[in-house]
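Dear colleague,

Please find below the structure that I am handing over to you. A summary of the findings follows it.

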Amino acid sequence: MFSVVFLLALLAFSVTGSPVKVRNSPITLPITRRLEFSNVTDLLRHDEARLAAFGEYATHGRRDADTPPHPIVPLSHTDLGNSFSGYTVRVTIGDPPALYDLILDGSSAITWVGAGAPYVSFSGVNTREPVAVDYLYGSFRGIIYEDRIDFGVRQLLVPRMQIGVASTAWNIAADGVLGIGPTLSGLGTLQNSLDQTIPTITDRLFSLGSITRPAVGIFFQPIVATNTVNHGEITFGGSHPQMYDQTIKYTDITTTAPSSRYWGIDLRVTYGKKNILDYTAGIVDCGCTFIYLATDAYERYKAATGGIVNEANGLLQISLAEYDALSNLNFHMGEQLYALIPNAQIWPRSLNEKIEGGANDIFLIVKSLTTPTGAGCDFINGYVFLQRFYTVFDDQRRQVGIARHMFTEAITN
């Protein structure tokens, strides 16, 4: 498979070398991922914590204009022991400049440091604004500072970026987080101003004129083996046309909560010609590994594919004959159709040993959300989806864009 595993949450990305392309806008940087997880339990704990985090807003979020929202719970902040969830971007902050590896998080707005390497800077200005992010297995507490952040490219230098400096942080397998979520995902994190947001890194780059709009394009390359280094890239300010086929099609962020607070969109799901999920709201998320469907939709997919839950890893397992009979899993976004071919629906068999499977076993990468349709988040398209399609998160237009790329129909799994 493309690298579901890659997605496996445990991939760690880091910016290395010099940028592939630099111009006024957009600006593209290469990213490299490492795969670090011991077994499928780590992946599932990682995803389950993130799913619960998305549900927090539905339970505790804004109910009226006078009720402050509950802080978001980013996936990258969950307890994974020695596992590394996500991909990192290397930046320098402060004066003298210090290097930090920050987890790239698409569901949060704040950038913060201090979980690993300490924050030491003579140029930082303490705003005395407390910041907090609660999550299932710990929390981050700190103070907002203003300081310079530098990606190593002239156009990607922000002189007075508002960043969190941790006084306490638990279970973060990096130096901090670089939030590329919608600005709204920062609601509730500033403790003295719960109804206020904090500018994201793309907001600041846009305000400085470094990029033409606050948008991020992401390309992930599927994983083919545990010991290989796979590459991708992040583009600030838009997209990198050489990395996708045809035209990017955009859709508006959904108005349905809690999906509306993240990179949430409305779409319909079919398996072949069978309807799996009616037009509904869900999230495109670069933090989850698998594809998740509402329980009723998952049961329809399970019945259609013939999958049986494997007791050892919790994934749907199918036979070779059932794999040969698989149909495309289709995501309908307006008039656009994005199809996951059969090979894109299975776990990479080269990584079966990581999920307690035999070398020739075949596992599907669709799982259940454990909530029925109508919860406000009826699907989550994680890494396994993003590795097959180029994706743009555009906060100015409040849209998500999707396009095919060179690995959309790859049979690497």
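Directly after helix α4, G306 adopts a positive phi of about 85°. Please note that this is a predicted model. Helix α4 itself spans residues 295–305, and its residues A297, Y298, Y301 and T305 are buried. These four cover an arc of only 100° around the axis, which means that they lie on the same side of α4.

Leaving aside residues up to four places away in sequence, Y301 touches Y271, I276, L293, L316, L329, Q345, L364 and V366. In soluble globular proteins, nonpolar side chains tend to be buried together.

As to the chain as a whole, the protein contains six helices and 24 strands. Of its 413 residues, 61% are buried. Among contacts with a separation of 6 or more, 70% are between residues 24 or more positions apart.

The aromatic rings deserve a separate paragraph. The count comes to 12 aromatic pairs. In one of them, F331 and F385, the ring centres are 5.3 Å apart and the planes stand at 70°; since an angle over 60 degrees counts as edge-to-face, the pair is assigned to that class. F331 lies in strand β18 (residues 329–333) and F385 in helix α6 (residues 383–386), so this pair ties together parts that are 54 residues apart in sequence. F331 is buried, with a relative accessible area of 1%, and F385 is likewise buried, at 1% relative accessibility. Ring pairs join F331, Y338, F385 and F389 into a cluster.

Finally, is G152 buried or exposed? With a relative accessibility of 63%, G152 counts as exposed, because the cut-off for that class is over 50%. G152 sits in the loop between β7 (138–150) and β8 (157–169). Its C-alpha atom is separated by 9.8 Å from that of L29, although G152 and L29 are 123 residues apart along the chain.

With kind regards

Technical notes. Residues numbered from 1 in each chain as written. Predicted model: local features only at pLDDT ≥ 70, side-chain atom pairs only at ≥ 80, totals over all residues. Heavy atoms only, no water. Buried < 20%, exposed > 50% of the residue type's maximum accessible area, 1.4 Å probe, protein only. Helix = DSSP H or I, 4+ residues; strand = E, 2+ residues; numbered from the N terminus. Arc of directions from axis to C-beta. Contact = heavy atoms within 4.5 Å. Phe/Tyr/Trp six-rings, centres within 6.5 Å; stacked < 30°, edge-to-face > 60°.
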